[in-house]
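Subject: Handing over a structure

Hi there,

Please have a look at it first and then read on.

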Amino acid sequence: VDAVRLALPDFPSNSSDGGLATLFNQVVWDDLEFTGNVALASKSFYPQGRIANPGDINPQDWVRPGVDAQFIAFGNVTLIGPRISIEGRLWDLKVSQNREMMGKRYGTEATEAAVRILAHRFADDIVETLGFGKGVARTRIAYVSERTPGVKEVYVMDYDGSNSGPL
């Protein structure tokens, strides 16, 4: 199966979120890059401006040489008190009508660990919507560690090595 070309502009935040939007953007990028099924278009070729809502997308800007994307995933991050809401969409840029393949709203507590899980979920949803089966971004790995001499414990971590802790 050939990799599909996807544009993934950063999801802007509505307020100061302590870096949670930046974390979300980086985790989704890394997850999709890891799949091998998605070739991410270089951000240096993206159109300038805020890309958060359907009205911000001019499909011709995203299919021109340089970007040459077949799909675009975009959305926004909203911090509401102790919770964060992320609206994410996936469009097929090569069709002229009914571009939206996926549109979802995700919500969780506004912590780094919870935002990482949400980013993994969004990346997995994109992979599945594109027809590549279930994504692996939410995979957890169990391992044994001897952090205290003579005491072995079982730990789990995300597939990318983050969120490590005792079981």
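Let me start with I51: apart from neighbours within four places in sequence, I51 is in contact (heavy atoms within 4.5 Å) with P9, D10, P12, D56, I57, W62, F74 and G75. Before going further, please note that this is a predicted model, in which local features need pLDDT of at least 70 and side-chain atom pairs count only at pLDDT 80 or more, while totals for chains, interfaces and linings use all residues. Residues are numbered from 1 along each chain as its sequence is written, and side-chain values use heavy atoms, with hydrogens and water left out.

Back to I51, which sits in the loop between β2 (38-40) and α2 (59-63). Helices (H or I, at least four residues) and strands (E, at least two) are DSSP runs, numbered from the N terminus. I51 has a relative accessibility of 7% and therefore counts as buried. Here buried means under 20% relative accessible area, exposed means over 50%, and partly exposed is in between, with a 1.4 Å probe and protein chains only. I51 and F11 are 40 residues apart in sequence, yet their C-alpha atoms are 7.2 Å apart in space.

**The strands around β3**

One of the contacts of I51 is F74, and F74 has R89 in β4 as its bridge partner. Two strands pair if DSSP finds at least two bridges between them. β3 and strand β4 (residues 83-92) run antiparallel and are joined by 10 bridges. Their hairpin has 2 residues between the strands, and G81 there takes a positive phi near 60°. With strand β1 (residues 4-7), β3 pairs in the parallel sense over 2 bridges; there, L6 has F71 in β3 as its bridge partner.

**Helix α3**

D125 is found in α3, which spans residues 112-129, and its relative accessible area of 9% makes it buried. Leaving aside neighbours within four places in sequence, D125 is in contact with M102, K104, Y106 and R138. After the helix comes G131, whose phi is positive, near 90°.

**Salt bridges**

A salt bridge here is a side-chain nitrogen of Lys or Arg within 4 Å of a carboxyl oxygen of Asp or Glu. How many salt bridges does this rule give? The count comes to 10.

In one of them, the side chains of R105 and E87 meet at 2.6 Å, N to O. R105 belongs to strand β5 and E87 to strand β4, so this pair ties together parts that are 18 residues apart in sequence. R105 is exposed, with a relative accessible area of 59%, whereas E87 counts as buried at 15% relative accessibility.

D124 and R138 also form a salt bridge through their side chains, at 3.1 Å, N to O. This pair links distant parts of the chain, 14 residues apart, with D124 in helix α3 and R138 in the loop between α3 and β6 (140-148). D124 counts as buried at 4% relative accessibility, while R138 counts as partly exposed at 44%.

Another salt bridge brings together the side chains of K134 and E128 at 3.4 Å, N to O. Salt bridges that share partners also join E87, R89, E100 and R105 into one network.

**A nonpolar patch**

On the surface, V144, V154 and L167 form a nonpolar patch with about 320 Å² of accessible area together. Patches are made of residues with over 30% relative accessible area and no salt bridge: like charges are joined within 9 Å, and nonpolar side chains (Val, Leu, Ile, Met, Phe, Trp, Tyr) within 5 Å. Accessible areas come from the Shrake-Rupley method with a 1.4 Å probe, and for residues only the protein chains shown count as cover. L167 lies in the segment after β8 (165-166) and counts as exposed at 77% relative accessibility.
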